[in-house]
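User: Hi! I have a model open here and would like to talk it through with you. Could you start with the ground rules?

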Amino acid sequence: MARISDLLAAGRTVSFEFFPPKTDSAQMSLGRTIAELAPLDPSFVSVTYGAGGSTRERTHQVVTWVRQETSIAPMAHLTCQGHTRSEVDEILENYRAAGVQNILALGGDPPKDPADARPSDYQYASELVDHVREAGDFSVGVAAHPELHPRSPDRATDRRTLAAKMAVADFAITQFFFELEPYVRLVNELADLGVTKPVVPGIMPITNVAQVSRMAEMSGAAVPASVLDRLASAGDDPEHTRLIGVEIATELSAALLDAGAPGLHFYTLNRSTATREVYANLDLANSGAEPGRGANLGTGTT
Ligand code: FAD
(Lines give C-alpha, C1' and ligand atoms only; values in the text may rest on other atoms or scores of the structure.)
Protein backbone atom coordinates (compact mmCIF):
# COMPACT_ATOMS: atom_id res chain seq x y z
CA MET A 1 0.00 0.00 0.00
CA ALA A 2 1.13 3.50 -0.69
CA ARG A 3 1.79 6.63 1.28
CA ILE A 4 0.41 9.68 -0.50
CA SER A 5 3.55 11.71 0.22
CA ASP A 6 5.54 9.08 -1.74
CA LEU A 7 3.00 9.06 -4.59
CA LEU A 8 3.22 12.85 -4.88
CA ALA A 9 7.01 12.70 -4.84
CA ALA A 10 6.89 10.16 -7.70
CA GLY A 11 4.68 12.16 -10.06
CA ARG A 12 1.29 13.71 -10.56
CA THR A 13 -1.62 12.05 -8.78
CA VAL A 14 -5.28 11.64 -9.65
CA SER A 15 -7.58 10.96 -6.70
CA PHE A 16 -11.27 10.63 -5.93
CA GLU A 17 -13.23 11.62 -2.85
CA PHE A 18 -16.29 9.76 -1.53
CA PHE A 19 -18.57 10.15 1.46
CA PRO A 20 -19.68 7.19 3.58
CA PRO A 21 -23.15 6.00 2.52
CA LYS A 22 -26.03 6.01 5.01
CA THR A 23 -28.22 3.24 3.61
CA ASP A 24 -27.76 -0.20 2.10
CA SER A 25 -28.82 1.04 -1.34
CA ALA A 26 -26.44 4.03 -1.13
CA GLN A 27 -23.71 1.57 -0.16
CA MET A 28 -24.41 -0.55 -3.24
CA SER A 29 -24.39 2.57 -5.39
CA LEU A 30 -20.98 3.60 -3.96
CA GLY A 31 -19.69 0.08 -4.68
CA ARG A 32 -20.76 0.52 -8.32
CA THR A 33 -19.13 3.99 -8.49
CA ILE A 34 -15.83 2.65 -7.12
CA ALA A 35 -15.96 -0.25 -9.60
CA GLU A 36 -16.53 2.23 -12.46
CA LEU A 37 -13.69 4.52 -11.34
CA ALA A 38 -11.17 1.79 -10.47
CA PRO A 39 -10.15 1.21 -14.13
CA LEU A 40 -8.92 4.84 -14.18
CA ASP A 41 -6.22 3.60 -11.79
CA PRO A 42 -6.47 6.39 -9.21
CA SER A 43 -3.42 7.15 -7.10
CA PHE A 44 -5.63 7.14 -4.00
CA VAL A 45 -9.21 7.62 -2.88
CA SER A 46 -10.37 9.47 0.21
CA VAL A 47 -13.43 9.06 2.44
CA THR A 48 -14.98 11.97 4.34
CA TYR A 49 -15.74 12.04 8.07
CA GLY A 50 -18.83 13.51 9.75
CA ALA A 51 -17.71 16.38 12.02
CA GLY A 52 -17.89 15.40 15.68
CA GLY A 53 -17.65 11.71 14.80
CA SER A 54 -21.12 11.26 13.27
CA THR A 55 -19.76 8.87 10.61
CA ARG A 56 -16.95 7.38 12.69
CA GLU A 57 -17.90 3.73 12.04
CA ARG A 58 -19.12 4.23 8.46
CA THR A 59 -15.96 6.11 7.40
CA HIS A 60 -13.83 3.39 8.97
CA GLN A 61 -15.84 0.68 7.17
CA VAL A 62 -15.44 2.25 3.70
CA VAL A 63 -11.73 3.07 4.21
CA THR A 64 -10.89 -0.45 5.41
CA TRP A 65 -13.05 -1.99 2.65
CA VAL A 66 -11.01 -0.08 0.02
CA ARG A 67 -7.80 -1.14 1.78
CA GLN A 68 -8.75 -4.83 1.91
CA GLU A 69 -10.79 -5.34 -1.26
CA THR A 70 -9.04 -3.13 -3.84
CA SER A 71 -5.48 -2.26 -4.79
CA ILE A 72 -6.16 1.48 -4.38
CA ALA A 73 -4.53 3.37 -1.49
CA PRO A 74 -7.20 4.87 0.81
CA MET A 75 -6.99 8.07 2.85
CA ALA A 76 -9.25 8.54 5.89
CA HIS A 77 -10.52 12.05 6.62
CA LEU A 78 -10.58 12.82 10.35
CA THR A 79 -11.96 15.96 11.99
CA CYS A 80 -10.83 16.94 15.47
CA GLN A 81 -13.44 19.33 16.88
CA GLY A 82 -15.67 17.34 19.26
CA HIS A 83 -13.10 14.60 19.85
CA THR A 84 -10.89 13.82 22.85
CA ARG A 85 -7.29 12.76 22.39
CA SER A 86 -8.07 9.24 23.60
CA GLU A 87 -10.83 8.89 20.98
CA VAL A 88 -8.39 9.99 18.28
CA ASP A 89 -5.76 7.55 19.61
CA GLU A 90 -8.29 4.72 19.23
CA ILE A 91 -9.30 5.78 15.71
CA LEU A 92 -5.67 6.01 14.59
CA GLU A 93 -4.78 2.68 16.18
CA ASN A 94 -7.67 1.01 14.31
CA TYR A 95 -6.45 2.50 11.02
CA ARG A 96 -2.88 1.47 11.69
CA ALA A 97 -4.02 -2.09 12.50
CA ALA A 98 -5.97 -2.17 9.21
CA GLY A 99 -2.90 -1.06 7.23
CA VAL A 100 -4.26 2.42 6.40
CA GLN A 101 -1.35 4.84 6.02
CA ASN A 102 -2.93 8.15 5.02
CA ILE A 103 -4.92 10.61 7.14
CA LEU A 104 -6.41 13.96 6.09
CA ALA A 105 -6.31 15.93 9.37
CA LEU A 106 -9.13 18.47 9.54
CA GLY A 107 -10.63 20.96 11.94
CA GLY A 108 -14.25 20.20 11.12
CA ASP A 109 -17.06 22.58 11.97
CA PRO A 110 -18.65 23.14 15.37
CA PRO A 111 -22.33 22.04 15.59
CA LYS A 112 -24.90 24.71 14.67
CA ASP A 113 -26.48 24.37 18.13
CA PRO A 114 -23.82 24.78 20.85
CA ALA A 115 -25.95 22.44 23.02
CA ASP A 116 -24.89 19.62 20.63
CA ALA A 117 -21.17 20.27 21.24
CA ARG A 118 -19.18 17.24 22.45
CA PRO A 119 -16.13 17.43 24.73
CA SER A 120 -13.12 18.43 22.64
CA ASP A 121 -9.38 18.41 23.26
CA TYR A 122 -8.77 20.31 20.01
CA GLN A 123 -9.60 23.68 18.52
CA TYR A 124 -7.66 23.67 15.24
CA ALA A 125 -6.56 21.13 12.64
CA SER A 126 -2.90 21.91 13.38
CA GLU A 127 -3.32 20.26 16.81
CA LEU A 128 -4.60 17.09 15.12
CA VAL A 129 -1.72 17.17 12.61
CA ASP A 130 0.71 17.20 15.57
CA HIS A 131 -1.16 14.34 17.23
CA VAL A 132 -1.24 12.17 14.06
CA ARG A 133 2.49 12.78 13.59
CA GLU A 134 3.21 11.68 17.17
CA ALA A 135 0.92 8.65 16.85
CA GLY A 136 2.80 6.90 14.07
CA ASP A 137 4.08 6.72 10.58
CA PHE A 138 1.07 8.14 8.73
CA SER A 139 1.29 10.35 5.67
CA VAL A 140 -0.67 13.44 6.72
CA GLY A 141 -2.63 15.86 4.55
CA VAL A 142 -4.49 19.04 5.48
CA ALA A 143 -7.22 21.22 3.97
CA ALA A 144 -6.43 24.47 2.13
CA HIS A 145 -8.93 27.11 1.11
CA PRO A 146 -7.87 29.05 -2.03
CA GLU A 147 -10.63 31.63 -1.48
CA LEU A 148 -9.93 31.75 2.29
CA HIS A 149 -11.65 29.83 5.05
CA PRO A 150 -14.95 31.51 6.02
CA ARG A 151 -13.78 31.85 9.67
CA SER A 152 -10.46 33.49 8.74
CA PRO A 153 -10.44 37.16 9.75
CA ASP A 154 -8.19 38.12 6.81
CA ARG A 155 -5.99 36.69 4.04
CA ALA A 156 -2.74 37.02 5.96
CA THR A 157 -4.08 35.06 8.97
CA ASP A 158 -5.54 32.37 6.71
CA ARG A 159 -2.23 31.87 4.92
CA ARG A 160 -0.15 32.05 8.12
CA THR A 161 -2.20 29.36 9.89
CA LEU A 162 -2.18 27.20 6.74
CA ALA A 163 1.58 27.57 6.37
CA ALA A 164 2.02 26.58 10.04
CA LYS A 165 0.05 23.34 9.64
CA MET A 166 1.73 22.55 6.30
CA ALA A 167 5.13 22.90 7.95
CA VAL A 168 4.27 19.69 9.84
CA ALA A 169 1.94 17.95 7.31
CA ASP A 170 3.07 16.37 4.03
CA PHE A 171 0.63 17.96 1.57
CA ALA A 172 -2.63 19.89 1.26
CA ILE A 173 -5.81 19.33 -0.73
CA THR A 174 -7.89 22.37 -1.56
CA GLN A 175 -11.54 23.20 -1.27
CA PHE A 176 -13.12 23.28 -4.74
CA PHE A 177 -12.94 26.46 -6.82
CA PHE A 178 -13.76 27.33 -10.43
CA GLU A 179 -11.01 29.61 -11.77
CA LEU A 180 -7.25 29.18 -11.97
CA GLU A 181 -6.30 32.44 -10.28
CA PRO A 182 -7.22 31.61 -6.62
CA TYR A 183 -5.11 28.42 -6.80
CA VAL A 184 -2.05 30.09 -8.32
CA ARG A 185 -2.30 32.92 -5.80
CA LEU A 186 -2.54 30.43 -2.91
CA VAL A 187 0.54 28.51 -4.06
CA ASN A 188 2.50 31.73 -4.52
CA GLU A 189 1.46 33.07 -1.12
CA LEU A 190 2.51 29.81 0.54
CA ALA A 191 5.86 29.93 -1.30
CA ASP A 192 6.35 33.47 0.07
CA LEU A 193 5.92 31.92 3.54
CA GLY A 194 8.49 29.24 2.76
CA VAL A 195 6.02 26.39 2.02
CA THR A 196 6.65 24.44 -1.19
CA LYS A 197 4.96 21.16 -0.25
CA PRO A 198 2.37 19.85 -2.75
CA VAL A 199 -1.01 21.59 -2.82
CA VAL A 200 -3.42 19.34 -4.73
CA PRO A 201 -6.36 21.24 -6.23
CA GLY A 202 -9.88 19.95 -5.52
CA ILE A 203 -12.10 19.71 -8.61
CA MET A 204 -15.89 19.65 -8.43
CA PRO A 205 -17.52 19.00 -11.82
CA ILE A 206 -20.86 20.83 -11.53
CA THR A 207 -23.86 18.60 -12.19
CA ASN A 208 -26.45 20.51 -10.17
CA VAL A 209 -26.20 24.31 -9.97
CA ALA A 210 -28.34 24.79 -6.84
CA GLN A 211 -26.45 22.09 -4.92
CA VAL A 212 -22.99 23.41 -5.81
CA SER A 213 -23.98 27.03 -5.09
CA ARG A 214 -25.14 25.93 -1.61
CA MET A 215 -21.94 24.00 -0.94
CA ALA A 216 -19.82 26.87 -2.26
CA GLU A 217 -21.56 29.36 0.02
CA MET A 218 -20.88 27.16 3.07
CA SER A 219 -17.22 26.66 2.20
CA GLY A 220 -16.38 30.25 1.28
CA ALA A 221 -15.86 29.45 -2.42
CA ALA A 222 -17.43 31.66 -5.08
CA VAL A 223 -19.18 30.35 -8.18
CA PRO A 224 -18.08 33.08 -10.63
CA ALA A 225 -20.67 34.88 -12.76
CA SER A 226 -18.95 33.65 -15.93
CA VAL A 227 -19.47 30.02 -14.77
CA LEU A 228 -23.09 30.66 -13.79
CA ASP A 229 -23.75 32.34 -17.17
CA ARG A 230 -22.45 29.30 -19.06
CA LEU A 231 -24.55 26.96 -16.90
CA ALA A 232 -27.64 29.16 -17.35
CA SER A 233 -27.66 28.31 -21.06
CA ALA A 234 -28.64 24.73 -20.05
CA GLY A 235 -31.90 25.97 -18.50
CA ASP A 236 -33.59 23.14 -16.56
CA ASP A 237 -32.02 20.37 -18.63
CA PRO A 238 -29.91 18.25 -16.20
CA GLU A 239 -28.02 16.44 -18.96
CA HIS A 240 -27.04 19.72 -20.66
CA THR A 241 -26.02 21.14 -17.24
CA ARG A 242 -23.77 18.13 -16.64
CA LEU A 243 -22.15 18.52 -20.07
CA ILE A 244 -21.35 22.18 -19.39
CA GLY A 245 -20.15 21.34 -15.86
CA VAL A 246 -17.79 18.72 -17.30
CA GLU A 247 -16.54 21.21 -19.91
CA ILE A 248 -15.80 23.81 -17.20
CA ALA A 249 -14.05 21.23 -14.97
CA THR A 250 -12.00 19.98 -17.93
CA GLU A 251 -10.81 23.49 -18.81
CA LEU A 252 -9.90 24.24 -15.18
CA SER A 253 -8.09 20.89 -14.74
CA ALA A 254 -6.08 21.40 -17.93
CA ALA A 255 -5.11 24.93 -16.84
CA LEU A 256 -4.09 23.65 -13.38
CA LEU A 257 -1.90 20.91 -14.85
CA ASP A 258 -0.32 23.44 -17.21
CA ALA A 259 0.34 25.67 -14.20
CA GLY A 260 2.22 22.81 -12.51
CA ALA A 261 -0.39 21.43 -10.07
CA PRO A 262 0.94 18.25 -8.43
CA GLY A 263 -2.28 16.32 -9.02
CA LEU A 264 -6.06 16.54 -9.31
CA HIS A 265 -8.46 15.55 -6.51
CA PHE A 266 -12.04 15.03 -7.74
CA TYR A 267 -15.04 15.58 -5.47
CA THR A 268 -17.19 12.78 -6.94
CA LEU A 269 -20.26 13.09 -4.69
CA ASN A 270 -20.25 9.26 -4.96
CA ARG A 271 -21.05 9.33 -8.69
CA SER A 272 -18.67 8.41 -11.48
CA THR A 273 -19.96 9.82 -14.78
CA ALA A 274 -18.80 13.44 -14.64
CA THR A 275 -15.39 12.49 -13.20
CA ARG A 276 -14.90 9.81 -15.88
CA GLU A 277 -15.76 12.33 -18.58
CA VAL A 278 -13.29 14.94 -17.32
CA TYR A 279 -10.66 12.22 -17.05
CA ALA A 280 -11.32 11.12 -20.64
CA ASN A 281 -11.32 14.72 -21.95
CA LEU A 282 -7.91 15.31 -20.36
CA ASP A 283 -6.67 12.02 -21.88
CA LEU A 284 -5.11 11.20 -18.51
CA ALA A 285 -5.04 7.48 -19.32
CA ASN A 286 -2.57 8.11 -22.17
CA SER A 287 -0.44 10.69 -20.45
CA GLY A 288 2.25 8.52 -18.97
CA ALA A 289 0.46 7.40 -15.82
CA GLU A 290 2.12 4.53 -14.00
CA PRO A 291 -0.22 1.87 -12.57
CA GLY A 292 -1.27 2.84 -9.07
CA ARG A 293 0.77 6.01 -9.18
CA GLY A 294 -1.67 8.31 -10.88
CA ALA A 295 -0.99 10.41 -13.92
CA ASN A 296 2.54 11.62 -14.43
CA LEU A 297 1.89 14.20 -17.07
CA GLY A 298 4.88 16.41 -17.27
CA THR A 299 7.55 18.23 -15.43
CA GLY A 300 5.69 21.15 -13.87
CA THR A 301 6.22 21.83 -10.20
CA THR A 302 4.52 24.06 -7.71
P1 FAD B 1 -8.32 24.71 10.55
O2 FAD B 1 -6.99 24.51 9.94
O3 FAD B 1 -8.44 24.49 12.01
O4 FAD B 1 -8.81 26.18 10.15
C5 FAD B 1 -10.11 26.66 10.49
C6 FAD B 1 -10.03 28.15 10.75
O7 FAD B 1 -9.26 28.39 11.93
C8 FAD B 1 -9.34 28.95 9.63
O9 FAD B 1 -9.96 30.19 9.52
C10 FAD B 1 -7.91 29.11 10.16
O11 FAD B 1 -7.27 30.27 9.62
C12 FAD B 1 -8.16 29.26 11.66
N13 FAD B 1 -7.02 28.81 12.45
C14 FAD B 1 -6.34 27.65 12.30
N15 FAD B 1 -5.36 27.58 13.22
C16 FAD B 1 -5.41 28.72 13.96
C17 FAD B 1 -4.68 29.24 15.06
N18 FAD B 1 -3.68 28.57 15.61
N19 FAD B 1 -5.05 30.44 15.57
C20 FAD B 1 -6.08 31.16 15.04
N21 FAD B 1 -6.82 30.71 13.98
C22 FAD B 1 -6.49 29.50 13.46
N23 FAD B 1 -15.23 18.65 6.92
C24 FAD B 1 -15.77 17.57 7.54
O25 FAD B 1 -16.54 17.71 8.49
N26 FAD B 1 -15.46 16.29 7.12
C27 FAD B 1 -14.63 16.04 6.10
O28 FAD B 1 -14.37 14.89 5.76
C29 FAD B 1 -14.06 17.17 5.42
N30 FAD B 1 -13.20 16.99 4.39
C31 FAD B 1 -12.61 18.09 3.80
C32 FAD B 1 -11.69 17.86 2.78
C33 FAD B 1 -11.07 18.95 2.15
C34 FAD B 1 -10.08 18.68 1.03
C35 FAD B 1 -11.38 20.27 2.56
C36 FAD B 1 -10.75 21.45 1.88
C37 FAD B 1 -12.30 20.49 3.58
C38 FAD B 1 -12.92 19.40 4.21
N39 FAD B 1 -13.83 19.57 5.27
C40 FAD B 1 -14.39 18.47 5.88
C41 FAD B 1 -14.23 20.91 5.71
C42 FAD B 1 -13.37 21.42 6.90
O43 FAD B 1 -13.48 20.56 8.01
C44 FAD B 1 -13.92 22.80 7.24
O45 FAD B 1 -13.60 23.72 6.24
C46 FAD B 1 -13.49 23.34 8.59
O47 FAD B 1 -14.29 24.50 8.89
C48 FAD B 1 -12.04 23.81 8.65
O49 FAD B 1 -11.19 22.79 8.51
P50 FAD B 1 -9.60 23.05 8.46
O51 FAD B 1 -9.01 21.71 8.53
O52 FAD B 1 -9.25 23.97 7.38
O53 FAD B 1 -9.44 23.79 9.90
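Analyst: Happy to. A polar contact is a pair of N or O atoms within 3.5 Å; within protein, one must be able to donate a hydrogen and the other to accept it, and residues adjacent in sequence count only if both atoms are side-chain atoms. This is a predicted model, where local features need pLDDT of at least 70, side-chain atom pairs count only at pLDDT 80 or more, and totals for chains, interfaces and linings use all residues. Residues are numbered from 1 along each chain as its sequence is written, and side-chain values use heavy atoms, with hydrogens and water left out.

User: Thanks! Which side chain has a polar contact with Tyr 124?

Analyst: That would be Gln 123, with a contact of 3.5 Å between the two side chains. Tyr 124 sits in the loop between β4 and α5 (125-135). Helices (H or I, at least four residues) and strands (E, at least two) are DSSP runs, numbered from the N terminus.

User: And what is 3.5 Å from the side chain of Tyr 124 on the ligand?

Analyst: A nitrogen atom of the ligand is 3.5 Å from an N or O atom in that side chain. For oxygen atoms of the ligand, there is a polar side-chain atom of Arg 151 at 3.4 Å and a backbone N or O atom of Gly 107 at 2.8 Å. The protein covers 83% of the 980 Å² of accessible area that the ligand has on its own (Shrake-Rupley method, 1.4 Å probe; for residues, only the protein chains shown count as cover).

User: Which residues come nearest to the ligand?

Analyst: Tyr 49, Asp 109, His 149, Ser 152 and Lys 165, out of 25 residues around it. To be near, a residue needs one of its heavy atoms within 4 Å. The shell divides into ten nonpolar, eleven polar and four charged residues. Here Ala, Val, Leu, Ile, Met, Phe, Trp, Tyr, Cys and Pro count as nonpolar, Asp, Glu, Lys and Arg as charged, and the others, Gly among them, as polar.

User: Which elements supply at least two residues of that shell?

Analyst: β3 (73-79), β4 (102-106), β5 (139-144), α6 (155-168) and β6 (171-176) each do.

User: New topic: why is β8 largely enclosed by the rest of the structure?

Analyst: Five of the five residues of β8 (263-267) are buried, so the strand is largely enclosed. Buried means under 20% relative accessible area, exposed over 50%, partly exposed in between (1.4 Å probe, protein chains only). Gly 263, His 265 and Tyr 267 are on one side, with Leu 264 and Phe 266 on the other.

User: Which strands pair with β8?

Analyst: β1 (13-18) runs parallel to β8, joined by five bridges, and Thr 13 stands opposite Gly 263. β7 (199-203) also pairs in the parallel sense, over two bridges, with Gly 202 opposite His 265. Strands pair if DSSP finds at least two bridges between them.

User: What about aromatics, how many pairs are there?

Analyst: Four. Rings of Phe, Tyr and Trp (its six-membered ring) pair if their centres lie within 6.5 Å; planes under 30 degrees apart count as stacked, over 60 as edge-to-face and the rest as tilted. Phe 176 and Phe 178 are tilted, at 5.7 Å and 55°.

User: Where does Tyr 267 come in?

Analyst: Ring pairs link Tyr 267 with Phe 176 and Phe 178 in a cluster. The rings of Phe 176 and Tyr 267 have centres 6.0 Å apart and planes at 80°, so that pair is edge-to-face. Phe 176 lies in β6 and Tyr 267 in β8, so the pair ties together parts that are 91 residues apart in sequence.
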